[in-house]
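Reader: I have a structure open and want to talk through how the pieces pack. Can we start once it is on screen?

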Amino acid sequence: MTDGTATTTDLDVRLEKHRTELTGYCYRMLGSSFEAEDAVQDTMVRAWRSYEKFEGRSSLRSWLYRIATNVCLDMLAAGNKRARPVDLSESTPLAQAALSPRPDHTWLEPMPDARILPTVEDPAEAAVAKESVRLAFMAALQQLPPKQRAVLILREVLAWRASEVAELLDTSVASVNSALQRARATLAEREKDKAAGAAVSDPLDEEQQKLLDRYVAAFEGYDMTALTALLHEDAVMSMPPFDLWLTGHEDITGFMTTLGAPCEGSRLVPVQVNGLPGFAQYKPDPEEGGFTPWAVQILEISDGRLTGFHFFLDTKRWFPLFGLPLHLEAETDQIEEGG
């Protein structure tokens with residue numbers, strides 16, 4: 001750089017150190033994995049181009065968050081709110097089930113933990129970070145106005161002081177506190193009306209791990225009796241980009257043996273996604289043999305049962321994002337964990 005404060009290489013290294021946490025921030029703001037990565041790349045380019053104007057009055061991290069916030073607010077100006085199928089309609093009885101897709105921009109998108117959760121030493125901090133990217137919390141965030149969303153994330157998730165947030169947003173501490181109070185009230189009201197989502201320990205406790213092992217055995221064996229035993233009576237299944245969602249083990253297993261019957265014989269590969277246990281699902285490939293990508297599954301667990309499992313079906317987008325192969329040979333011992 002012309003001012004001698006950093007070489008180009010040094011600056012690139014310093015910026016890259018913040019990529020994961022910035023991606024997590026932008027993902028919480030935008031609800032989209034790909035838009036989040038675009039926003040962070042835009043942030044990095046803007047920072048690189050304007051670094052000579054950075055006067056060091058704040059830390060490099062704070063400056064990057066200011067740029068990222070402005071990028072996200074610009075992207076949110078169109079007013080689109082991403083959601084889950086359960087946020088947009090009532091559940092559909094199995095007898096009326098139909099697979100009707102909605103555009104990609106409708107949906108809250110999955111994200112590999114490794115891309116949004118930086119390594120931290122404090123277990124409590126790590127737990128808060130994971131909870132803040134789970135689907136139910138992410139869906140609630142999307143209902144907040146953009147600036148309230150930013151305030152809530154910065155104050156409650158990232159533990160910034162009100163004065164730091166006020167400086168970042170060019171506003172007053174009183175305004176920040178007011179926005180936080182309104183955001184908290186909206187989320188509290190939403191929790192009354194919606195299921196709270198997952199209650200998953202970090203790391204998984206022994207009973208939760210056993211539940212997952214039983215789920216894999218039941219799903220790969222397509223054993224509906226065994227699967228029913230694992231499901232909460234009000235369990236939910238959704239399949240973006242389709243707006244259909246089902247509730248209750250009878251409708252869920254009924255769907256899986258009718259419209260979902262081609263999934264029989266699938267293989268599951270563990271992934272870490274949205275702070276929750278998940279799997280990449282490969283179903284049998286009748287044309288080429290082996291297995292072909294079908295869905296990224298996110299599982300929600302509460303009180304020793306599965307309360308939700310959500311199948312994200314756009315495999316051409318999700319499997320490369322998770323670093324997963326687009327074909328599996330028949331030998332299951334070659335399967336490795338992804339994401």
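Reader: What order do the six strands of the open sheet have?
Author: The order is 2-1-6-5-4-3, and the pairing is mixed. Strands here are DSSP runs of E with at least two residues, helices are runs of H or I with at least four, and both are numbered from the N terminus. Two strands pair if DSSP finds at least two bridges between them.

Reader: Before we go on, what kind of model is this?
Author: This is a predicted model, where local features need pLDDT of at least 70, side-chain atom pairs count only at pLDDT 80 or more, and totals for chains, interfaces and linings use all residues. Residues are numbered from 1 along each chain as its sequence is written, and side-chain values use heavy atoms, with hydrogens and water left out.

Reader: How many bridges join strand 3 to strand 4?
Author: Seven, and the two strands run antiparallel. V273 stands opposite L276 in strand 4. The hairpin of strand 3 and strand 4 has two residues between the strands, and N274 there takes a positive phi near 50 degrees.

Reader: And strand 4 to strand 5, how many bridges?
Author: Seven bridges join strand 4 (residues 276–284) to strand 5 (residues 291–302), and these run antiparallel. Y282 stands opposite P293 in strand 5.

Reader: Which strands does helix 14 lie across?
Author: Helix 14 (residues 249–256) lies across strand 1 (231–238), strand 2 and strand 6 (305–312). Helix 14 runs at about 45 degrees to strand 1. Axes are lines fitted to C-alpha atoms, for helices over the stretch in contact, and angles run from 0 to 180 degrees between N-to-C directions.

Reader: New topic. At what angle do helix 2 and helix 3 cross?
Author: Roughly 130 degrees, and their axes come within 8 Å. That makes helix 2 oblique to helix 3; angles under 35 degrees count as roughly parallel, over 145 as roughly antiparallel, 65 to 115 as roughly perpendicular and the rest as oblique.

Reader: Is that crossing left-handed or right-handed?
Author: The crossing of helix 2 and helix 3 is right-handed. A crossing is right-handed if the near helix is turned clockwise from the far one by less than a right angle, and left-handed if anticlockwise.

Reader: Which residues of helix 2 make the contact?
Author: R19, L22, T23, C26, Y27 and L30 of helix 2, and the helix 3 side includes S33, A36 and V40. Contact means heavy atoms within 4.5 Å.

Reader: What about helix 2 and helix 9, how far apart are the axes?
Author: The axes of helix 2 (residues 19–30) and helix 9 (residues 146–157) are 10 Å apart, at an angle of about 140 degrees. Helix 2 and helix 9 are therefore oblique to each other.

Reader: Last one. How many aromatic pairs are there in the whole structure?
Author: A search finds 11. F34 and W318 form a stacked pair, 5.5 Å centre to centre with 25 degrees between the planes. Rings of Phe, Tyr and Trp (its six-membered ring) pair if their centres lie within 6.5 Å; planes under 30 degrees apart count as stacked, over 60 as edge-to-face and the rest as tilted.

Reader: Where do F34 and W318 sit?
Author: F34 is in helix 3 (residues 33–50) and W318 in helix 15 (residues 315–321), 284 residues apart.
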